[in-house]
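Please read it alongside the structure shown here.

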Amino acid sequence: YHLGEIFSGAGQTAEARKSHEASLSLLRGILEENPSDGQAARSYGLVLGYLAAIDEVEGRPTDARRRYETSLDILTHLEAQNPDNAYLLALIALAQGPLARLDLAAGRKPEAIGRIETTLESMDGLDSENEFFVGQREMLRAMLAQVRAFDRDVQGAKGMLEQAILALERVNESGATTRRFKQSLHEAYSALATLEYPYDLDAADRARELAAELHAADPKALGWLQRLAMAESTTAAARIHRVEPDKALPHQQRAVELARQVVEHLGGPGDWYRLASQERLLATNLRILRRNDEAWKHTEAAVEAFDRSGMENTRSAASHFALAQLRLERCELLRDLGRSDQVGDEAASVFRALDTAENTGAVPEATRPIRARTDLVSALAAFDGKNWTAAADFARRALSRVPDQPDSRLLVVADMCHGLLADVALARGEYALALHHVQEQLAISLRRPDIQDERRADFDAPIHRRIFELEALTGDRKPASAVEHFRV
């Protein structure tokens, strides 16, 4: 059993499987001799769960579900004989969490929510500060919070995550020792960090600290190497959302370095896929800093990693969604590098990838921001070529994808589209139309949550100046308005 745990932590799933199967064989022999041995039955259920986790990692969800359900049946039977046993309830939660995750992946959300809520209800009724019990209970609560977030109940989800973190930190401060408990705390902070856009920097930093602590405690555990890479990347994203790309860059560079280490040790399809994602994010960071040649190098590295993952040949919506993101990055970089004439073909490949993603299960709401950004970069490329009609058409199509209550990403697109439409109108001498679009741009800019108060002048002052100038050109300047825009 312990060998199985060690091999799992090192990412050696084949060896872990052999050890856990040997453990099951021994436990089966004990139970044949003494069917009433509760400790052996409990261990049998636990090891079945660990084998199910290996099935999941190896892409066998049917086998994983069968083992998780058998494990759950055994543990539930034992708990019925020993009601309010904190350890057994924690083991039940350990089985229910992955089953809920499989239910969600299969589109059975009500079943997933039912599993979690039923288990939480029994656990919340028991007063225990045992760290394994608290860790499993709050891990389930964090999962339920994420489901609520998908249903747009972000405030409800945030309250649940904060409740989970409070309970976990209380036990942690009293001297929690197990890695499994620290993992629960790390995952709760990770969920809170990425719950809303812009990301929560404090939660991202705490998740990163915990991942670094767990990796340092067991440097050979490649699972924690992967988690640390993701945590570094989340911190980088939170910094970018705060318009601090210079502070984000070291974290994203570290994320790429760690992802490369995982590929060197394992090199499985999922490892190459994660490396492609980290290389793409680094390219984005470099592009924001106007280091476009370096950004192009990392974009090409991302394409190579994605190709080596083989994910383009799967029926996975997530992989085609990731390919679309990567193609969009290339689109934007081509334009930044002065190769606007090549944007059209790359944009077409973005839409092909998104169509495939939607045909394999991605919801249009998820693909909308990428479609809007692709239209925007196509509009900018057309403007570079002085094709005013195409630029305006693409910009209006991008705007048509922005809903009445857009998130921050789509507000950025709308902001830039109105700025571009103002430029097109100016190029055509349509000053009144230009003024309209710049006024719309200002209204949208003021709604953007990603612009911190201390940086707002950088964004808004140029817009106020344009309004001041355009009011003069249209003869529509009113003294009070002129003074206000001039003052800003």
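Arg290 lies in the loop between α13 and α14 (292-309). The model in which it is placed is a predicted one. Arg290 counts as exposed, because its relative accessibility is 66% and the cut-off for that class is over 50%. Its phi is positive, near 65 degrees, in a residue other than glycine. Most residues other than glycine have a negative phi.

**Overall architecture**

- The protein contains 22 helices and 0 strands.
- Its C-alpha trace extends over about 95 × 45 × 40 Å along the principal axes.
- Of the 488 residues in the protein, 50% are buried.
- Among contacts with a separation of 6 or more, 61% join residues 24 or more positions apart.

- Lys386 belongs to the loop between α17 and α18, and at 63% relative accessibility it counts as exposed.
- Gly385 is found in the loop between α17 (364-384) and α18 (388-400); with a relative accessibility of 55%, Gly385 is classed as exposed.
- The C-alpha atom of Gly385 is separated by 53 Å from that of Met139, a residue 246 positions away along the chain.
- Val243, which follows α11, has a positive phi near 55 degrees.

**Packing of α2 against α3**

- Helix α2 (residues 13-33) packs on helix α3 (residues 38-57) at an angle of about 155 degrees, and their axes are 9 Å apart.
- Angles over 145 degrees count as roughly antiparallel, and α2 and α3 are therefore roughly antiparallel to each other.
- The contact draws on residues of α2 including Thr13, Ala16, His20, Leu24, Leu27 and Leu31, and on residues of α3 including Ala40, Tyr44, Val47, Leu51 and Ile54.
- By class, the residues of the α2 and α3 contact comprise 14 nonpolar, 4 polar and 4 charged.
- The α2 and α3 crossing is left-handed.

**Packing of α12 against α13**

- Helix α12 (residues 245-265) and helix α13 (residues 269-288) meet at an angle of about 160 degrees, with a distance of 9 Å between their axes.
- This angle makes α12 roughly antiparallel to α13.
- On the α12 side, the contact includes Pro245, Ala248, Leu249, Gln252, Val256 and Ala259; on the α13 side, it includes Trp272, Leu275, Leu282, Leu286 and Ile288.
- The residues of this α12 and α13 contact divide into 14 nonpolar, 4 polar and 3 charged.
- The crossing of α12 and α13 is left-handed.

- The 15 residues of α9 should span 21 Å at 1.5 Å a residue, and the end C-alpha atoms are 21 Å apart, which agrees.
- Helix α9 is mostly covered, with 11 of its 15 residues buried.
- Among the buried residues of α9 are Phe181, Lys182, Leu185, His186, Tyr189 and Leu192.
- The cover over the buried residues of α9 includes α7 (131-150), α8 (154-173), α10 (201-217) and α11.
- Leu185 is placed in helix α9 (residues 179-193), and its relative accessible area of 0% makes Leu185 buried.
- Apart from neighbours within four places in sequence, Leu185 contacts Ile165, Leu168, Glu169, Asn172, Arg206 and Leu210.
- The C-alpha atoms of Leu185 and Thr299 are separated by 33 Å, and the two residues are 114 residues apart along the chain.

**Helix α11**

- The 20 residues of helix α11 (residues 222-241) should span 28 Å at 1.5 Å a residue; the end C-alpha atoms are 29 Å apart, which agrees.
- Helix α11 is mostly covered, since 14 of its 20 residues are buried.

- Asp415 is located in helix α19 (residues 408-427).
- Asp415 counts as buried because its relative accessibility is 5%, and the cut-off for that class is under 20%.
- Leaving out residues up to four places away in sequence, Asp415 touches Gln441, Ile444, Ser445 and Arg448.

Conventions
Residues are numbered from 1 along each chain as its sequence is written. This is a predicted model: local features need pLDDT of at least 70, side-chain atom pairs count only at pLDDT 80 or more; totals for chains, interfaces and linings use all residues. Side-chain values use heavy atoms; hydrogens and water are left out. Axes are lines fitted to C-alpha atoms, for helices over the stretch in contact, and angles run from 0 to 180 degrees between N-to-C directions. Helices (H or I, at least four residues) and strands (E, at least two) are DSSP runs, numbered from the N terminus. Angles under 35 degrees count as roughly parallel, over 145 as roughly antiparallel, 65 to 115 as roughly perpendicular and the rest as oblique. A crossing is left-handed if the near helix is turned anticlockwise from the far one by less than a right angle, and right-handed if clockwise. Contact means heavy atoms within 4.5 Å. Ala, Val, Leu, Ile, Met, Phe, Trp, Tyr, Cys and Pro count as nonpolar, Asp, Glu, Lys and Arg as charged, and the others, Gly among them, as polar. The expected span of a helix is 1.5 Å times one less than its number of residues. Buried means under 20% relative accessible area, exposed over 50%, partly exposed in between (1.4 Å probe, protein chains only).
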